Amino acid sequence: MLELSNIFELFLKILPAQIFISIASSLSNIVNGLVIGNNLSDSAMIAMGLVTPMLNLLTGVASIISSGGGIVVGSYMGKGDAKKVNEAYSISVINIFFIGIGLTVICYAFAPLIAKLLNADAYTLNDTIAYIRGVSIGIVPMLLMPCLMTFLQMCNKSGISLIDTIILAVFNAIFGLLNVHVFEGGIFGIGLATSISRYLVVIMIIIYFGNKKDLISFDPKARNSKMMLEILAYGSPASLAGILYSIRNVFINSYAGQVGGNTAVNALAILGACGGFFDAFNIGVGSTLTMLASVYVGERNPRSLRGIFKVSCIVGLVLSAFKLVIVYLFSDQIIMLFGGQADVLDSARDLLITYTWSAPYNMITLTLVGISQCLGRVKMCNIIYLENCIITP
């Protein structure tokens, strides 16, 4: 059994890669916010904010497999069952791929209806439809990327995840700026640039897996309904969280539009763009805990489970305090990166400070969810997520 100091060292070794994996999931929103805010109209920025809950919802749907698959793979790693590890990995990737294709068709075809459901008005409707269609082209790699990066990390290849995250940011920024200054594709082009960037990064990860025979092996013929049900059961809390937060954010956008008009919705869009970066620290802690706890569950190691819970709480609270200090010291500079009018920037700054106050509570929540999820206590996970969705900003 591992001593607490060894668990702490292992946790800190894995954590940076998990943070980068989480950043990769929201990175396109951050880059797009910077490009749109400084180069396109206010309606384009608002449209991006309106579409963000849809993207969160899609990620939540995929999380039922990516999160559950990671837990199942970790459990079989703890048991030393390489065949089951490969099977769980293959089943996860295959199902996410086909879900992504279905969601791509639905989102592209029904973009006008989705835009109205997201509260787009006459001012933002066309931009919202265009952005939905641009990003929908890249739904498949958007869903595959966090799943593949998680499996890379479980194979002790965290450096590859970091490199891929940097490449994604560079590709997204370059293609986005080319769209604005060369192709003049508007907000549809911004969404398309994001989709192309994601495809390129996913292809690179797939090629890497294919050339490394000592890593997890992909079997396109993998079929195991019992294992799939196991993956769905473990992943359902993460999926429910994505769905709950997406629905909540749609209502928040609607209420903000009624009370504060386009200024308030624009400020929320900026918060969504930069908030994704800060959320990555919380999610990274939760993901690291879940990864290690799933292995300890497979090993039937309760002492290490208690240790990883303590370490996660300590590290999470320290990171939360660090985030609060950074936001208070540099909130003006952070918000100014996204451009916009003074009243919008002032509102966005106030929103970011208020939002960051929930970081310690969210960190503890994710720690509790991670342990409960690995132990198969799905009902408890769902209760915690529901309560967190209602209480926190």
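Two aromatic pairs are found in this predicted model, where rings of Phe, Tyr and Trp (its six-membered ring) pair if their centres lie within 6.5 Å, planes under 30 degrees apart count as stacked, over 60 as edge-to-face and the rest as tilted. The model is predicted, so local features need pLDDT of at least 70 and side-chain atom pairs count only at pLDDT 80 or more, while totals for chains, interfaces and linings use all residues. Residues are numbered from 1 along each chain as its sequence is written, and side-chain values use heavy atoms, without hydrogens and water.

Select Phe97 and Phe98. Their rings are edge-to-face, at 5.4 Å centre to centre and 80 degrees between the planes. Phe98 is exposed at 55% relative accessible area, whereas Phe97 is partly exposed at 35% (buried is under 20%, exposed over 50%, partly exposed in between; 1.4 Å probe, protein chains only).

Next, select Phe171 and Phe175. This pair is stacked, at 5.7 Å and 20 degrees. Both residues lie in helix 7, four residues apart, about one turn of the helix (helices are DSSP runs of H or I, at least four residues, numbered from the N terminus). Phe171 is partly exposed at 23%, and so is Phe175 at 25%.

Remain on helix 7, residues 158-183, and select Ile174. Ile174 is partly exposed, with 41% relative accessibility.

Finally, select Leu148. Beyond its neighbours within four places in sequence, Leu148 is in contact with Tyr89, Val93, Val202, Ile205, Ile206 and Phe209, contact meaning heavy atoms within 4.5 Å.

Notes
Helix = DSSP H or I, 4+ residues; strand = E, 2+ residues; numbered from the N terminus.
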